[in-house]
Amino acid sequence: MGKIFNGIVVEDDLFSEYHKFRNGNACDTKKIKQLLHFYKNEIVSNIRQYENNGVALESNLKTQMSHAGLKKQSLEDLAENFTLYKVILSTSKNTFPYINIMEDNQRLESNFSASFDMAESRTFALNHLTAICLHAKKIVVYDKFFSQKKSNINLLESILPKKNVEITCNNEIEDADIDELKRRCNMWTFTKDTHMKNRHDRYLIVDDRLEIILSSGFDHLGNTSSDFTYLLRPIQRSRF
(Lines give C-alpha, C1' and ligand atoms only; values in the text may rest on other atoms or scores of the structure.)
Protein backbone atom coordinates (compact mmCIF):
# COMPACT_ATOMS: atom_id res chain seq x y z
CA MET A 1 0.00 0.00 0.00
CA GLY A 2 1.27 3.48 -0.89
CA LYS A 3 0.88 6.80 0.85
CA ILE A 4 -2.63 7.58 2.11
CA PHE A 5 -3.87 10.98 0.91
CA ASN A 6 -6.40 13.26 2.62
CA GLY A 7 -8.33 13.67 -0.61
CA ILE A 8 -11.10 12.29 -2.77
CA VAL A 9 -11.26 10.22 -5.98
CA VAL A 10 -13.62 11.35 -8.76
CA GLU A 11 -14.92 9.73 -11.94
CA ASP A 12 -13.56 10.87 -15.29
CA ASP A 13 -16.33 13.34 -16.20
CA LEU A 14 -15.90 15.15 -12.87
CA PHE A 15 -12.13 15.02 -13.24
CA SER A 16 -12.39 16.69 -16.65
CA GLU A 17 -14.90 19.34 -15.49
CA TYR A 18 -12.77 20.12 -12.43
CA HIS A 19 -9.73 20.90 -14.58
CA LYS A 20 -11.80 23.04 -16.94
CA PHE A 21 -13.03 25.00 -13.92
CA ARG A 22 -9.57 25.27 -12.41
CA ASN A 23 -8.14 26.58 -15.70
CA GLY A 24 -10.91 29.16 -16.13
CA ASN A 25 -12.57 27.39 -19.06
CA ALA A 26 -16.27 26.82 -19.72
CA CYS A 27 -17.54 23.96 -17.56
CA ASP A 28 -20.68 22.30 -16.23
CA THR A 29 -21.44 24.62 -13.30
CA LYS A 30 -23.98 22.24 -11.73
CA LYS A 31 -21.43 19.44 -11.57
CA ILE A 32 -18.79 21.81 -10.20
CA LYS A 33 -21.15 23.12 -7.53
CA GLN A 34 -21.86 19.58 -6.32
CA LEU A 35 -18.21 18.59 -6.57
CA LEU A 36 -17.11 21.50 -4.41
CA HIS A 37 -19.77 20.56 -1.86
CA PHE A 38 -18.13 17.14 -1.41
CA TYR A 39 -14.54 18.24 -2.06
CA LYS A 40 -11.98 17.10 0.54
CA ASN A 41 -8.59 18.83 0.47
CA GLU A 42 -7.51 17.53 -2.97
CA ILE A 43 -8.43 15.22 -5.84
CA VAL A 44 -6.45 12.00 -5.70
CA SER A 45 -5.72 10.81 -9.23
CA ASN A 46 -3.15 8.87 -11.22
CA ILE A 47 -1.21 9.21 -14.46
CA ARG A 48 -3.71 7.13 -16.43
CA GLN A 49 -6.65 9.36 -15.48
CA TYR A 50 -4.78 12.44 -16.72
CA GLU A 51 -3.89 10.71 -19.98
CA ASN A 52 -7.37 9.22 -20.56
CA ASN A 53 -9.00 12.63 -20.20
CA GLY A 54 -6.44 14.63 -22.14
CA VAL A 55 -5.55 16.79 -19.16
CA ALA A 56 -2.06 18.25 -19.24
CA LEU A 57 0.27 16.76 -16.64
CA GLU A 58 3.39 18.70 -15.72
CA SER A 59 6.56 16.62 -15.76
CA ASN A 60 7.42 17.27 -12.09
CA LEU A 61 3.90 16.26 -10.98
CA LYS A 62 4.08 13.15 -13.17
CA THR A 63 7.36 12.21 -11.51
CA GLN A 64 5.86 12.72 -8.03
CA MET A 65 2.83 10.61 -8.92
CA SER A 66 5.03 7.87 -10.33
CA HIS A 67 7.13 7.76 -7.15
CA ALA A 68 3.93 7.61 -5.05
CA GLY A 69 2.67 4.65 -7.08
CA LEU A 70 -0.18 6.64 -8.67
CA LYS A 71 0.14 5.14 -12.14
CA LYS A 72 -2.48 2.92 -13.76
CA GLN A 73 -4.71 1.45 -11.05
CA SER A 74 -8.50 1.51 -11.35
CA LEU A 75 -10.46 4.20 -9.56
CA GLU A 76 -11.69 1.57 -7.09
CA ASP A 77 -8.11 0.58 -6.22
CA LEU A 78 -7.11 4.23 -6.05
CA ALA A 79 -9.85 5.04 -3.54
CA GLU A 80 -9.28 1.95 -1.41
CA ASN A 81 -5.50 2.02 -1.23
CA PHE A 82 -4.59 5.71 -1.44
CA THR A 83 -7.32 7.74 0.32
CA LEU A 84 -8.73 8.18 3.81
CA TYR A 85 -12.35 8.22 2.66
CA LYS A 86 -12.45 5.11 0.41
CA VAL A 87 -15.16 6.54 -1.86
CA ILE A 88 -15.44 7.80 -5.45
CA LEU A 89 -17.54 10.82 -6.42
CA SER A 90 -19.80 10.12 -9.40
CA THR A 91 -22.59 11.77 -11.39
CA SER A 92 -24.45 8.51 -12.06
CA LYS A 93 -23.38 5.61 -9.83
CA ASN A 94 -24.61 5.15 -6.29
CA THR A 95 -23.31 1.75 -5.20
CA PHE A 96 -20.36 1.72 -2.80
CA PRO A 97 -17.68 2.93 -3.25
CA TYR A 98 -19.45 5.37 -5.61
CA ILE A 99 -21.41 8.39 -4.38
CA ASN A 100 -23.81 10.02 -6.83
CA ILE A 101 -23.29 13.67 -5.91
CA MET A 102 -26.16 14.77 -8.17
CA GLU A 103 -28.81 13.05 -6.01
CA ASP A 104 -30.62 15.07 -3.36
CA ASN A 105 -31.05 12.21 -0.87
CA GLN A 106 -27.48 11.02 -0.78
CA ARG A 107 -26.76 8.63 2.10
CA LEU A 108 -23.22 9.88 2.63
CA GLU A 109 -23.39 13.62 3.23
CA SER A 110 -20.99 16.51 3.59
CA ASN A 111 -22.08 18.49 6.64
CA PHE A 112 -20.63 20.88 9.20
CA SER A 113 -19.67 19.27 12.50
CA ALA A 114 -17.62 20.16 15.55
CA SER A 115 -15.97 17.88 18.10
CA PHE A 116 -14.66 18.70 21.56
CA ASP A 117 -12.40 16.55 23.68
CA MET A 118 -12.57 16.28 27.45
CA ALA A 119 -11.80 19.55 29.26
CA GLU A 120 -12.19 21.57 26.04
CA SER A 121 -14.30 24.72 26.27
CA ARG A 122 -17.75 24.47 24.67
CA THR A 123 -18.10 28.24 24.18
CA PHE A 124 -17.97 27.91 20.39
CA ALA A 125 -20.75 25.31 20.41
CA LEU A 126 -22.96 27.36 22.71
CA ASN A 127 -22.49 30.50 20.62
CA HIS A 128 -23.13 28.58 17.41
CA LEU A 129 -26.33 26.87 18.56
CA THR A 130 -27.60 30.11 20.10
CA ALA A 131 -27.08 31.94 16.81
CA ILE A 132 -28.88 29.20 14.87
CA CYS A 133 -31.90 29.41 17.17
CA LEU A 134 -31.98 33.21 17.38
CA HIS A 135 -34.68 33.81 14.75
CA ALA A 136 -36.49 30.48 15.05
CA LYS A 137 -40.25 30.27 15.23
CA LYS A 138 -40.48 26.53 15.85
CA ILE A 139 -37.98 24.29 17.62
CA VAL A 140 -38.05 20.55 18.28
CA VAL A 141 -36.13 19.30 21.33
CA TYR A 142 -35.47 15.59 21.71
CA ASP A 143 -33.45 14.15 24.57
CA LYS A 144 -34.76 10.93 26.08
CA PHE A 145 -32.72 11.56 29.24
CA PHE A 146 -33.28 15.32 29.50
CA SER A 147 -34.95 15.21 32.90
CA GLN A 148 -32.20 13.08 34.43
CA LYS A 149 -29.88 16.12 34.40
CA LYS A 150 -31.32 19.29 35.89
CA SER A 151 -28.47 21.27 34.33
CA ASN A 152 -30.20 20.68 30.99
CA ILE A 153 -32.74 23.35 31.90
CA ASN A 154 -30.03 25.98 32.19
CA LEU A 155 -28.34 24.82 29.00
CA LEU A 156 -31.53 24.88 26.96
CA GLU A 157 -32.47 28.27 28.37
CA SER A 158 -29.11 29.67 27.28
CA ILE A 159 -29.63 28.45 23.70
CA LEU A 160 -33.27 29.38 23.09
CA PRO A 161 -34.20 32.97 22.16
CA LYS A 162 -36.32 34.92 24.62
CA LYS A 163 -39.26 35.44 22.26
CA ASN A 164 -42.34 33.63 20.97
CA VAL A 165 -41.22 30.12 20.06
CA GLU A 166 -43.30 26.98 19.58
CA ILE A 167 -41.36 24.14 21.19
CA THR A 168 -42.16 20.48 20.59
CA CYS A 169 -40.47 17.97 22.87
CA ASN A 170 -40.44 14.26 23.63
CA ASN A 171 -42.80 12.81 26.20
CA GLU A 172 -40.02 11.78 28.61
CA ILE A 173 -39.29 15.40 29.50
CA GLU A 174 -41.02 15.88 32.83
CA ASP A 175 -43.81 18.42 33.26
CA ALA A 176 -41.92 20.00 36.14
CA ASP A 177 -39.00 20.77 33.81
CA ILE A 178 -41.32 22.25 31.22
CA ASP A 179 -42.97 24.40 33.90
CA GLU A 180 -39.56 25.63 34.99
CA LEU A 181 -38.62 26.52 31.42
CA LYS A 182 -41.91 28.43 31.07
CA ARG A 183 -40.97 30.41 34.16
CA ARG A 184 -37.66 31.28 32.54
CA CYS A 185 -39.54 32.66 29.50
CA ASN A 186 -43.34 32.92 29.42
CA MET A 187 -43.28 33.43 25.63
CA TRP A 188 -42.31 29.81 25.06
CA THR A 189 -45.13 27.35 24.37
CA PHE A 190 -44.57 23.61 24.75
CA THR A 191 -46.21 20.60 23.12
CA LYS A 192 -45.31 17.01 23.94
CA ASP A 193 -45.17 14.55 21.05
CA THR A 194 -45.66 10.94 22.14
CA HIS A 195 -44.37 9.67 18.78
CA MET A 196 -40.88 11.01 19.45
CA LYS A 197 -39.18 8.07 21.12
CA ASN A 198 -36.62 5.26 20.98
CA ARG A 199 -33.69 7.31 19.73
CA HIS A 200 -30.24 7.44 21.27
CA ASP A 201 -28.96 10.73 19.83
CA ARG A 202 -30.23 14.10 20.96
CA TYR A 203 -31.80 16.52 18.49
CA LEU A 204 -32.50 20.20 18.12
CA ILE A 205 -34.55 20.91 14.98
CA VAL A 206 -34.99 24.51 13.89
CA ASP A 207 -37.99 25.60 11.76
CA ASP A 208 -38.07 22.19 10.05
CA ARG A 209 -35.06 23.33 8.03
CA LEU A 210 -31.97 22.44 10.04
CA GLU A 211 -31.34 19.43 12.25
CA ILE A 212 -28.66 19.57 14.93
CA ILE A 213 -27.62 16.13 16.14
CA LEU A 214 -25.88 15.99 19.52
CA SER A 215 -23.77 12.93 20.31
CA SER A 216 -24.65 13.19 23.99
CA GLY A 217 -26.98 15.15 26.28
CA PHE A 218 -27.47 18.89 26.28
CA ASP A 219 -25.65 18.94 29.61
CA HIS A 220 -22.39 18.19 27.78
CA LEU A 221 -22.51 21.70 26.38
CA GLY A 222 -21.53 22.74 29.87
CA ASN A 223 -19.99 19.59 31.30
CA THR A 224 -16.47 18.98 30.00
CA SER A 225 -15.94 15.66 31.78
CA SER A 226 -16.40 13.77 28.49
CA ASP A 227 -16.10 14.38 24.76
CA PHE A 228 -18.89 15.99 22.76
CA THR A 229 -19.79 16.32 19.05
CA TYR A 230 -22.59 18.02 17.18
CA LEU A 231 -23.55 17.79 13.52
CA LEU A 232 -25.62 20.13 11.35
CA ARG A 233 -27.88 18.66 8.64
CA PRO A 234 -30.25 20.48 6.28
CA ILE A 235 -33.54 18.59 6.48
CA GLN A 236 -34.69 16.64 3.43
CA ARG A 237 -37.48 14.87 5.28
CA SER A 238 -38.75 15.01 8.84
CA ARG A 239 -37.15 12.58 11.27
CA PHE A 240 -40.07 12.69 13.70
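## Strands around β9

Strand β9 and strand β10 (residues 228-234) pair in the antiparallel sense, with five bridges between them. Two strands count as paired if DSSP finds at least two bridges between them, and strands themselves are DSSP runs (E, at least two residues), as helices are (H or I, at least four), numbered from the N terminus. This is a predicted model, in which local features need pLDDT of at least 70 and side-chain atom pairs count only at pLDDT 80 or more, while totals for chains, interfaces and linings use all residues. Residues are numbered from 1 along each chain as its sequence is written, and side-chain values use heavy atoms, leaving out hydrogens and water.

Strand β8 (residues 202-206) also runs antiparallel to β9, joined to it by five bridges. These two form a hairpin with three residues between them, and aspartate 207 in the turn has a positive phi of about 55°. Follow glutamate 211 in β9: isoleucine 205 stands opposite it, and its bridge partner in β10 is arginine 233. Four of the five residues of β9 (residues 210-214) are buried, so this strand is largely enclosed by the rest of the structure. Buried means under 20% relative accessible area, exposed over 50%, and partly exposed in between (1.4 Å probe, protein chains only).

## Two nonpolar cores

A nonpolar core is a set of buried Ala, Val, Leu, Ile, Met, Phe, Trp, Tyr and Cys residues joined through side-chain atoms within 4.5 Å. The largest one here has 32 residues, and Val141, Leu204, Phe218, Leu221 and Tyr230 touch the most other members. Helix α7 (residues 151-159) gives this core its largest share, four residues. Apart from it lies another core, of 27 residues, including Tyr18 and Leu70.

## A look at serine 147

Where is serine 147? You will find it in the loop between β5 (138-142) and α7. Serine 147 is buried, with a relative accessible area of 11%.

Its side chain makes a polar contact (a pair of N or O atoms within 3.5 Å; within protein, one must be able to donate a hydrogen and the other to accept it, and residues adjacent in sequence count only if both atoms are side-chain atoms) with the side chain of aspartate 177, at 2.6 Å. The side chain of serine 147 also reaches the backbone nitrogen of glutamate 174 at 2.8 Å.

## Confidence

The average pLDDT, the predictor's confidence in each residue from 0 to 100, is 93 for the protein, and 99% of the residues score at least 70.
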